[in-house]
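Here is a short report on one protein model. Keep the sequence and the structure in view as you read.

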Amino acid sequence: MLTQLCAELPALRRALRGSPGRLALLEQAVEAARSGTALVPLMRELGIAVADSDGSDAGARSSFPWSKPWASGSGRPVGGTYVCPQGLCGREQVRGPGEGLPMCHLTARALTFAPAP
């Protein structure tokens with residue numbers, strides 16, 4: 001869940017601009033993610049279906065869909081992936097030619113490059 005929240009945070013913020021209350025709730029979720037506190041209840045309150053620790057969605061229905069996953073671009077990827085700079089989540093992103101550095105939108109830091117073995 002952290003992986004997707006990190007990648008999709010800019011799109012979620014744009015989508016919630018017209019709803020100050022929900023935007024504030026999203027920012028609470030960001031703070032919860034940064035501090036390692038309970039994130040699932042806040043995401044559910046936003047209407048975003050999230051899996052329980054057992055992998056089920058416990059019947060949660062998403063009234064606010066996630067945007068499309070980030071794209072790795074076209075062309076040949078760099079020999080490695082970019083990963084969470086603090087090791088908080090399992091996000092890995094390939095950086096394509098000409099693309100900017102992928103960012104962790106939870107910490108406002110660039111992802112860390114992990115060379116291919």
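Start at T107, which sits in the loop that links β3 (103-104) and β4 (109-110). This is a predicted model. T107 is buried, with a relative accessible area of 18%. What does T107 touch, leaving aside its neighbours within four places in sequence? Its contacts are R34, P85 and Q86.

**Confidence**

The mean pLDDT of the protein chain is 76. Of its residues, 74% reach 70 or more. One stretch needs care: over residues 54-78, pLDDT stays under 50. The model has 54 contacts beyond four places in sequence for that stretch.

**The sheet**

Now look at the strands. An open sheet is built from 3 strands, in the order β2-β1-β5. Their pairing is antiparallel. Find Y82: it stands opposite Q93 in β2.

**The nonpolar core**

In soluble globular proteins, nonpolar side chains tend to be buried together. The largest nonpolar core here has 23 residues. Those that touch the most other members are L5, L26, L39, M43, L46 and L106. Helices α1 (2-15), α2 (20-35) and α3 (40-45) each supply at least two residues of this core. α2 gives the most, with 6 residues.

Take L26 as an example. Not counting residues up to four places away in sequence, L26 touches L5, L9, L12, R13, L16 and L46.

**The cysteines**

How many disulfides does a search of the whole structure find? The count is 0. C6 is in no disulfide, and its nearest cysteine sulfur belongs to C104. For C89, the closest cysteine sulfur is in C84. A disulfide needs the two sulfur atoms within 2.5 Å. The sulfur of C89 is 4.3 Å from that of C84, so the pair is too far apart for a bond. Both C6 and C89 are buried. The table sets out the values.

| C6 | C104 | 3.7 Å | 1% |

Key: Residues are numbered from 1 along each chain as its sequence is written. This is a predicted model: local features need pLDDT of at least 70, side-chain atom pairs count only at pLDDT 80 or more; totals for chains, interfaces and linings use all residues. Side-chain values use heavy atoms; hydrogens and water are left out. Two strands pair if DSSP finds at least two bridges between them. Helices (H or I, at least four residues) and strands (E, at least two) are DSSP runs, numbered from the N terminus. A nonpolar core is a set of buried Ala, Val, Leu, Ile, Met, Phe, Trp, Tyr and Cys residues joined through side-chain atoms within 4.5 Å. Buried means under 20% relative accessible area, exposed over 50%, partly exposed in between (1.4 Å probe, protein chains only). Contact means heavy atoms within 4.5 Å. pLDDT is the predictor's confidence in each residue, from 0 to 100.
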